[in-house]
Amino acid sequence: MAIEKGTFTSVWSDGTEITTDCQFDRETNNIPIVESSSDDSGHGNLVKEYVTDKDGATLIVCENCHHQILRPATVINKLQNGLHEKESGFCCDCCGELYVLVNGSLCVVQQDDDNEVM
Ligand SMILES: [Zn+2]
C-alpha cells in the first residue's frame, strides 16, 4: 500500500467546483474513501472529477466508478474503414472503462472486440 494524501475535486455543469481532502493509493490508483457523487446536488451534471496530489499534479478519476484514478494507456480504435487508429487514452483498471481526451473532455471509447488497450 502506498497511501498518499491529496484533494478530490468534482466539477459540475453550473461551474461549481467542490474540493475535499482525500487519500489515494499510488500503486493501485484506488481512492478508498470518496463520498459518492450524486446527481441531486443542485449543481447540474457532473462534468469531471480529478485528484490533485501533493506535488500539484492532476490525476483524472474514472467517471464510471468514481474511485479509481485512470492510468495512461494507448487505445487502439478500429475505424469503420478497417484501419486501426492508436490514440493516447486512459484506462480504468477497476471497471475496465476506456477513455480518450477530445478537446479536453473525457470521452468513453466504445468497448467491443475491435478495441484494445495497451
Ligand atoms: Zn472505473
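A: The confidence score here is pLDDT, which is the predictor's confidence in each residue, from 0 to 100. This is a predicted model, and its chain averages a pLDDT of 86, with 85% of the residues scoring at least 70.

Q: Where is confidence lowest, and where is it highest?
A: The lowest confidence falls in strand β9, residues 116–117, at a mean of 60, while the highest is in strand β4, residues 58–60, at 95. Where pLDDT is low, the predicted coordinates should not be read in detail.

Q: OK, sheets next. What order do the strands of the open sheet come in?
A: The open sheet has 4 strands in the order β2-β1-β3-β4, with antiparallel pairing. Because β2 and β4 stand at the edges and each has a single partner strand, one side of each is left without a neighbour in the sheet. Neighbouring strands in this sheet are turned against each other by 35 degrees on average, if direction is ignored.

Q: How many bridges hold β3 and β4 together?
A: Strand β3, which covers residues 46–52, pairs with β4 in the antiparallel sense over 3 bridges, and the bridge partner of Y50 in β4 is I60.

Q: Switching to the hairpins, what does the one between β7 and β8 look like?
A: Strand β7 (residues 98–102) and strand β8 (residues 105–108) pair antiparallel over 4 bridges, and the hairpin they form has 2 residues between the strands, with N103 in the turn at a positive phi of about 50 degrees. Across this pairing, V100 stands opposite C107, and Y99 stands opposite V108.

Q: And which residue takes a positive phi in the hairpin of β6 and β7?
A: That is G96, with a positive phi near 80 degrees, in a hairpin that has 6 residues between its strands. The strands β6 and β7 run antiparallel and are joined by 3 bridges, with L98 in β7 as the bridge partner of C91.

Q: What about the largest nonpolar core, which members touch the most others?
A: The core has 18 residues, and those touching the most other members are I31, V51, I69, L70, C91 and Y99. The elements contributing two or more residues are β2 (17–25), β5 (71–78), β6 (84–91) and β7, and the core draws at least three residues from each of domain 1 (3–60) and domain 2 (71–108).

Q: Going back to Y99, what is that residue in contact with?
A: Leaving aside neighbours within four places in sequence, Y99 is in contact with L70, G89, F90, L106, C107, V108 and V109.

Terms used:
Residues numbered from 1 in each chain as written. Predicted model: local features only at pLDDT ≥ 70, side-chain atom pairs only at ≥ 80, totals over all residues. Pairing = 2+ DSSP bridges. Core = buried A, V, L, I, M, F, W, Y, C linked by C-beta atoms within 7 Å. Buried ≥ 20, exposed ≤ 12 C-beta atoms within 10 Å, placed from the backbone. Domains from an automatic or database assignment. Contact = placed C-beta atoms within 7 Å. Axes fitted to C-alpha atoms, helices over the stretch in contact; angles between N-to-C directions.
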